[in-house]
Amino acid sequence: MVIKLCWAVLALIHVIPALALFKPALLTTLYGAQTGSVTYMLLHHRAALFVGVFIACIYAIFQPGSRQLAAVVVAVSMVSFLVLFALSGNPAGLRLVAIVDLVGLPFLAFAAWHAFHVALAGE
């Protein structure tokens with residue numbers, strides 16, 4: 001049950017950025033992107049990728065066999081953002097996104113540990 005809760009938290013973290021695919025105005029709210037800009041279009045595409053991350057998390061709740069791949073996908077998403085955020089000097093406009101990802105890291109770490117531990121123990 002704890003593992004399913006971890007995946008649900010990770011899905012929840014990614015649902016709002018994923019919703020920007022269907023409600024592009026969120027891109028301005030979340031990231032300050034201006035409609036019609038190249039950045040806006042890239043962030044809109046990024047929202048589509050977040051739909052994939054969200055689906056991977058939901059799928060991992062119900063399909064334990066998918067959890068290793070889901071852990072990798074979510075880790076690439078969250079860790080790469082945090083690294084880029086730090087390398088960019090911690091831009092104030094993205095601080096909330098970074099905080100949410102930081103809060104999610106323990107859930108990801110436990111879910112990933114469990115996914116790989118269970119797989120290794122089963123072999």
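What share of the 123 residues in the chain is buried? Buried residues make up 34% of the chain; buried means under 20% relative accessible area, with a 1.4 Å probe and protein chains only. This is a predicted model, where local features need pLDDT of at least 70, side-chain atom pairs count only at pLDDT 80 or more, and totals for chains, interfaces and linings use all residues. Residues are numbered from 1 along each chain as its sequence is written, and side-chain values use heavy atoms, leaving out hydrogens and water.

**Fold**
- The chain has five helices and zero strands. Helices (H or I, at least four residues) and strands (E, at least two) are DSSP runs, numbered from the N terminus.
- The radius of gyration is 15 Å, close to the 14 Å of the globule rule for 123 residues, so the chain is as compact as a globular protein of that length. The radius is taken over C-alpha atoms, and the rule is 2.2 Å times the number of residues to the power 0.38.
- Along the principal axes, the C-alpha atoms fill a box of roughly 50 × 30 × 20 Å.

**Contacts**
- Of the contacts (heavy atoms within 4.5 Å) between residues at least 6 apart in sequence, 62% join residues at least 24 apart.

**Helix α1**
- α1 covers residues 2–19, 18 residues in total.
- α1 bends by about 25 degrees at Ile13, and Pro17 follows within four residues. The bend is the angle between axes fitted to the seven residues ending there and the seven starting there.
- Buried residues in α1 include Ile3, Trp7, Leu10, Ile13, His14 and Pro17.

Conventions:
Buried means under 20% relative accessible area, exposed over 50%, partly exposed in between (1.4 Å probe, protein chains only). The expected span of a helix is 1.5 Å times one less than its number of residues.
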